[in-house]
Amino acid sequence: MSDQVILRVAVKIIVPMILLYALYVQFHGDFGPGGGFQAGVIFAAGIILYGLVFGLRRAQKVFPTWVARLMAASGVLLYAGVGIASLLLGGRYLDYSVLAHDPHHGQHYGILLVELGVMITVCGVMITIFYFFAARGRETL
Amino acid sequence: MSEHLPVLLVVIPLMAAPTAALLRWGRAAWGLATGTSWVVLAMALLILRRVQDEGVISYFLGGWAAPIGIEYRIDTVNAWVLMIVAAIGALVMPYARASFEREIQPSKIPLLYAGLLLCLTGLLGIAATGDVFNLFVFLEISSISAYALIAAGPDRRALHAAYKYLIMGSIGATFIVIGIGMMYAMTGTLNMADLAQRLPEVSSRTVSVAFAFLTVGISLKLALFPLHLWLLDAYTFAPSAVTVFLASTATKVAVYMLVRFFFSIFGPGFSLEVMAFHWVLLPLALIAVISASLTAIYQLNVKRLLAYSSVAQIGYMILGVSLASVTGLTAGLLHLFNHALIKGALFMAMGCVMYQVGSVRMEAMRGLGKKMPWTMAAFVLGGLSLIGVPGTVGFISKWYLVLAAVEAGMWVVAALVLVGSLMAVAYVWKVVEAAYFQEYKGEFEVRQAPISLLAPTWVLVAANLYFGVNATLTSGVATRAAEVLLGVGP
Amino acid sequence: MGLFLDIVSWVLLLSGSFFAVVGALGVIRMPDLFTRLHAAGVTDTMGAGLILVGLMFQGGMSLVTVKLFMVLGFLWFSSPVSTYALSRATLASGQEPFWSEDMEIPDTARIPGMVYPVDATAEGD
Amino acid sequence: MELFINFTLLALLAVTALGVLHVTNLFAAVMLAGIYSFLSAGLFTVMDAVDVAFTEAAVGAGISTVLMLATLALVGSKVTTPEFRIESISVKGRSRRPLLPIVVVVFTGGILAYGTLDMPGYGDPDNPVHQHVAPHYLEESGHEIGIPNVVTSVLASYRGYDTMGETTVVFTAAVGVMILLSALRRRDSYGEEAWGDEVIDDMDVGFKDAFGETMDPGLAGPEREGPEGGGG
Amino acid sequence: MRILGLYNYWIFIFLMMVGFYILISRRNLVKKILGLNIFQTSVFIFYISLGKITGGTAPILVEGESEVVYSNPLPHVLILTAIVVGVSTTAVALSLVVRIKEAYGTIEGAEINAMDNRMPPP
């Protein structure tokens, strides 16, 4: 269906708002409900919405498959890497207190990085899964 | 750095998995996976040695003390299971290269290594953790990767097998979650040691129900007799290397979970006296041994035959556990290790056959004794070990099992164990007969399996023989683990 | 003043709920998907809208009101679009509304390439 | 008031669950399952679990439903009618099917209900769960971690290792989906012919199905002389 | 009063069992997954209900007020993890269903079983 002007215009307006909202959820997670996981899902939902309306090919131009795959892997690596870093700095695994001169700041940095890792992985994974399902459908049709 | 070994053991394969998934070439992923698995094995051995020297290792993740944060708590039992899983992992990874290259589409191979590494991570995580919810999380890592790995098998029935496994596995996991939730509701904690302390104070109907749900949930993962149907198809249709890995590790870890929950968390007092679980598990284990062995005799597919045999062997392990004495538990825990060696060797031999012949049906075995002498010799030795011929590891575990049964005064049980062994003679003989006493009728030349497949197979066969002769090492550790579980001895 | 705001807010909340119920009834009672969509639209615009405005009065001059305002804006933007997409998908899947016999479908409302049964009967006559 | 909301939501949940059980069209079932997730998100909010509600709404009602719909687009949304099933393939023991699940379910539910008898009452502040570990989080996280959302503190720091496991689970799902769905499509080789019914009776087809694809053609063993699968 | 404190749990058990029943009684593969989802979601509800304190509020600390009663955050954290695990399982299960449909041409468990039974083991 190529002539869905209304949908396209609406999606063009909504998608940036969704992505922005995802970032809000990500960084507001310390003060209210939200966090890496929800943000990742919402971000992915934005891209998926774009893909649903504009088609898989255009979505993959905006957000290539390899990027999604890289994100899926690197989020986990970031999370585990924070653990390794705290280990190298002399703490226990995932002990954020050693990440900065002051345990309080260390915890803040740690949580920030870790939540970022969660968001990156979740976003990458959800988009990858959607791409794979959608690509399967295109072959069938 | 050595104090961080328990967590590094799990985190290193965890970090290797995404890296492997990003690699484009199967060989590179293979190198990474193999290297990782060997490092893991080295660490597991170090941990086992340290636990034996120094006693329980406790590691607070994130630096938060036990009930507040998550704890890794490694005693002899954990270290033993970690060693088994790591050892099989270290042998399966080198084996997987040739096997995957023959059975799997090339573009997917790096992903399969990632899957194997994740499965390894999950199993190690289950075995290392001292927190019940963390156990569930790692259980799911291993299960989800196992579903995908099984579905990668070449036959379309692999898909259905994986689906059935997924459904049963998810029911099992959900039951485990319900059990954990009820324990949490009564005690307010998730830490195993803390639970063990608090549960006796609140023993009640809720705790009994939690116990029941955990038992059923773990039995599903364990493929204990009436719940074993998923295992047959899963082992039959999975890619060869995956079958080797899952058959020799996944069910072992499930047995570990069972003994951990029964003996360490609920405590022998509650499990044995209040719930009397052994009177439920003992008959089931016996039925598993007899019926699965009997069915195995009639199988026309060797992988399926071995899968039935696995169900029977799981029966032996549970039999040992449900005898609930030091000797019985020792037999069960020894059989964890021994069965991993036996089934690893047998399934690896079948992987070699699959590689060269393309089928593991009984007809395909005809004349292979001459065509693939090393492969079939490995199978014969593994088979002897499965039967329990003296001089092999199989004998050691059967010996302890019969000893435990006699100790408990259950002569019938001891006799049934021997009957099970006789049945094993029957089904192993069927394969041997086809391989050595029938002529090869195929039209194309069958060659010897490549060395990269034969080497891991023979390492396992050699281990079968070595630990069969020199059993002091393994039985020593197993006995100590049994004593730890029952809370007797040092 | 506080009491007055409270009364206003409750009036809005209750009337919003009334529209929501009417919409729900419509969804159940209407004969086909398009008319049901029409009923559902009542819930989206009037029902949810009035309830949100009522809540804004409860929230007073705070961040909550700003957020509610954004929710309202989003709702009024997205619900017509989704209704439109839904009806269009229904048309594309082959269900057509109860066209009255002699009704003309204006060209602007047609989906290019789609065959309308009404035309077929008209031509047949 | 809270009780009333609670009760309404629970009743709606029950109706929706029964609806999923009842409807035969998969599309409707998927939408009802999405509604179920949404209602449970509402219930989570009532029970003060705002983070969980948020996640459930985003995941259960959002991503899950999208994935389900994507699947339905690929597999079709009609449940095959029973008549067709009997006609095409006879399944032995069909008549005893319906009884076993209901027995299992009633039994399981009964045991669970029995287990709740000794459970602490709902919402009671004296429950063991509120006495042991949780107070530490509520009282100490303020100065140990220093962020207001305790759930985030526990999630990312106290039980950060669990969350790492969770991230790995998500990644595992991606690996699994990639393994499964990057496969070459195999429909041409046997998907269609297996669908026709008389062909499958031929034993050799299965054998060819199993190995015709990935094995070397020469390696499928002596049984390869079977018919080439017949007309699909 | 005691029973009143427990009735919630019974409703959750009812919901769980409806999901469980869908899971084990339906033969359609997608329907089974829906049942699994409902089963798991109901277990989540059960967990969250454990953490609720009557009159409590969401566990987001309010500056300077010491009299606030917060609900227990630990079940929330556990369930956040469990939800993620659930959706991961669902994704893998659905891709399996897609592959099964391609390979067998159907997603009815009974038909697939019958097809499997007619094939010899490999």
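Biologist: Which helix of chain B holds Ile141(B)?

Modeller: This is a predicted model, so keep that in mind throughout. In chain B, the run covering residues 132-151 includes Ile141(B), and that run is helix H5.

Biologist: Okay, is Ile141(B) buried or exposed?

Modeller: The cut-off for buried is under 20% relative accessible area. Ile141(B) has a value of 0%, so Ile141(B) is buried.

Biologist: And what does Ile141(B) touch, leaving out residues up to four places away in sequence?

Modeller: Within chain B, the partners are Leu118(B) and Gly122(B). Chain D joins in too, with Gly165(D), Thr168(D), Val169(D) and Thr172(D). As for Thr121(B), 20 residues away along the chain, its C-alpha atom is 7.7 Å from that of Ile141(B).

Biologist: Now for Lys252(B): which side chain of opposite charge is nearest?

Modeller: Lys252(B) sits in helix H10 (residues 240-265) of chain B. Lys252(B) is buried and has no salt bridge.

Biologist: Which side chains make polar contacts with the side chain of Lys252(B)?

Modeller: One polar contact, of 3.2 Å, goes to Thr251(B). Another, of 3.0 Å, goes to His339(B). His339(B) also turns up among the residues that Lys252(B) touches, alongside Ala247(B), Met317(B), Leu336(B) and Ala340(B). So the names you want, citing the cut-off of 3.5 Å, are Thr251(B) and His339(B).

Biologist: Let's switch to chains D and E: what area is buried between them?

Modeller: In residue terms, 104 residues of chain D are in contact with 88 residues of chain E. Leu21(D), Asp48(D) and Tyr122(D) supply 8% of what chain D buries there, more than any other three residues. Carbon and sulfur atoms give 74% of the total buried area, which is about 8,900 Å².

Biologist: Which residues form the salt bridge across that interface?

Modeller: The rule finds one salt bridge between chain D and chain E. Its closest N and O atoms are 2.9 Å apart, and the residues are Asp48(D) and Lys52(E).

Biologist: Which element of chain D gives the largest share of the side that touches chain E?

Modeller: There are 14 residue pairs in polar contact between chain D and chain E. The side of chain D facing that contact divides into 70 nonpolar, 17 polar and 17 charged residues. Its largest share, 14 residues, comes from residues 50-75, that is, helix H3 of chain D.

Methods
Residues are numbered from 1 along each chain as its sequence is written. Chains are lettered from A and ligands numbered from 1 in the order in which they are written. This is a predicted model: local features need pLDDT of at least 70, side-chain atom pairs count only at pLDDT 80 or more; totals for chains, interfaces and linings use all residues. Side-chain values use heavy atoms; hydrogens and water are left out. Contact means heavy atoms within 4.5 Å. Buried area is the accessible area (1.4 Å probe) that two parts lose on being put together, summed over both. A salt bridge is a side-chain nitrogen of Lys or Arg within 4 Å of a carboxyl oxygen of Asp or Glu. A polar contact is a pair of N or O atoms within 3.5 Å; within protein, one must be able to donate a hydrogen and the other to accept it, and residues adjacent in sequence count only if both atoms are side-chain atoms. Helices (H or I, at least four residues) and strands (E, at least two) are DSSP runs, numbered from the N terminus. Ala, Val, Leu, Ile, Met, Phe, Trp, Tyr, Cys and Pro count as nonpolar, Asp, Glu, Lys and Arg as charged, and the others, Gly among them, as polar. Buried means under 20% relative accessible area, exposed over 50%, partly exposed in between (1.4 Å probe, protein chains only). Lys and Arg count as positive and Asp and Glu as negative; His and the chain ends are not counted.
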